[in-house]
Amino acid sequence: MNRNLQILAGERAYQHIQEQGLQACDIKMLLGASGGPKWFVLSRMDQYISKTFLSNAPQSIDLVGSSIGSMRMACYAHSEPDKAIQRLEEAYIASSYDKTTTAKDIADSSKDMILSLLGSTGITDIINNSNRHLNVVTARTKGWCASEDALRQKVGILSTALVNVASRRAFLSFFERVIFSQQVPNSPFRNLAGVQGRICHLSETNALQALMASGAIPLVVEGVKNILGAPEGVYRDGGLIDYHFDLPFSTAPGLILYPHFAPMLKPGWFDKGLPWRHVNKDHYADVVLLTPTSGFIDALPYG
């Protein structure tokens, strides 16, 4: 560990690194968490990992992301991932909103950011990548959580927060986890746990919609309606259910690389303020977590 970066590893991952070190060929999956602009602390790390560490790794790697993490993972699936990450960073920084900005305006801005990272090759470049398989996590809303009326949506979100205190499974009344995966039969989400859900095929016709939905923060960004190839409904931010992920991933032997913005892991967005709600350590047995140290974070403006 240095002053700025620390490496945390699950039990099997730690043993592997102790015995064999960490090589690019060991990586079977990358995770990209929700977190909004906190992802900026990872931008240069993403560029290094994609351009240098994993650039020549021949194996198939699952890329799993929710919210801004799904956009980052889409960059990793690009034929020029480091340049895609740079474009995403530039577009994100250039976004500017004021009191007159509407939820639709921000949705349009989100779409522009995704188109920026895709570049001239478009979504085809990502979907046709045979070795990097994108998985986009979204939340299909139910009841008043699906409304674009601010008051009704607030009541729905507040209700979700209240029932979540008692049980994560209570999400089933308000949200359904829907993952868009390039390889449905071999999806790492084959064994869903906790808040159950479904897997839909990620394709050229629905990838833009899925990416937009994954980052559609309630009350801030307009939801995405009726994504092609998925059940009808309004889709919102995947981080509501899978903020930092707490799932038994179904994967081949290997390690899960997780560049993360802080040494803190919570299952869902509503769990942030619940000190007793933690991820299951067994789900992290194969994870190598790369994260800034607390000292680095404390030294940032406003911490």
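Trainee: In which loop is the place of D286?
Mentor: Please keep in mind that this is a predicted model, in which local features need pLDDT of at least 70 and side-chain atom pairs count only at pLDDT 80 or more, while totals for chains, interfaces and linings use all residues. Residues are numbered from 1 along each chain as its sequence is written, and side-chain values use heavy atoms, with hydrogens and water left out. Helices (H or I, at least four residues) and strands (E, at least two) are DSSP runs, numbered from the N terminus. On that numbering, D286 sits in the loop between β9 (255–259) and β10 (287–292).

Trainee: Is D286 buried or exposed?
Mentor: We need the cut-offs here: buried means under 20% relative accessible area, exposed means over 50%, and partly exposed lies in between, with a 1.4 Å probe and protein chains only. Setting aside residues up to four places away in sequence, D286 touches R12, A13, K28, G254, L255 and I256, where contact means heavy atoms within 4.5 Å. The relative accessible area of D286 is 15%, so this residue counts as buried.

Trainee: How many helices and strands are there in the chain, and what is its radius of gyration?
Mentor: The chain holds nine helices and ten strands. The radius of gyration is taken over C-alpha atoms, and the globule rule is 2.2 Å times the number of residues to the power 0.38. For 303 residues that rule gives 19 Å, and the chain is close to it, so it is as compact as a globular protein of that length, with a radius of gyration of 18 Å.

Trainee: What share of the contacts in the chain with a separation of 6 or more comes from residues 24 or more positions apart?
Mentor: As background, the C-alpha atoms fill a box of roughly 55 × 45 × 45 Å along the principal axes, and 54% of the 303 residues count as buried. Among contacts with a separation of 6 or more, the share from residues 24 or more positions apart is 76%.

Trainee: How are α4 and α5 oriented to each other?
Mentor: Axes are lines fitted to C-alpha atoms, for helices over the stretch in contact, and angles run from 0 to 180 degrees between N-to-C directions; under 35 degrees counts as roughly parallel, over 145 as roughly antiparallel, 65 to 115 as roughly perpendicular and the rest as oblique. The axes of α4 (residues 81–94) and α5 (residues 103–118) come within 7 Å and cross at roughly 150°. That angle makes α4 and α5 roughly antiparallel.

Trainee: Which residues of α4 and α5 make the contact?
Mentor: From α5 the contact uses M113, S116, L117 and L118, and from α4 it uses A84, R87, L88, A91 and Y92.
By class, the residues of the contact of α4 with α5 are seven nonpolar, one polar and one charged, where Ala, Val, Leu, Ile, Met, Phe, Trp, Tyr, Cys and Pro count as nonpolar, Asp, Glu, Lys and Arg as charged, and the others, Gly among them, as polar.

Trainee: How are α5 and α8 oriented to each other?
Mentor: Helix α8 (residues 207–214) is mostly covered, with six of its eight residues buried. The axes of α5 and α8 are 10 Å apart, and the helices pack at an angle of about 125°. The pair α5 and α8 is therefore oblique.

Trainee: What is the phi of S67?
Mentor: Most residues other than glycine have a negative phi. S67, found in the loop between β3 (61–66) and α3 (68–76), counts as buried at 7% relative accessibility. Although S67 is not a glycine, its phi is positive, at about 55°.
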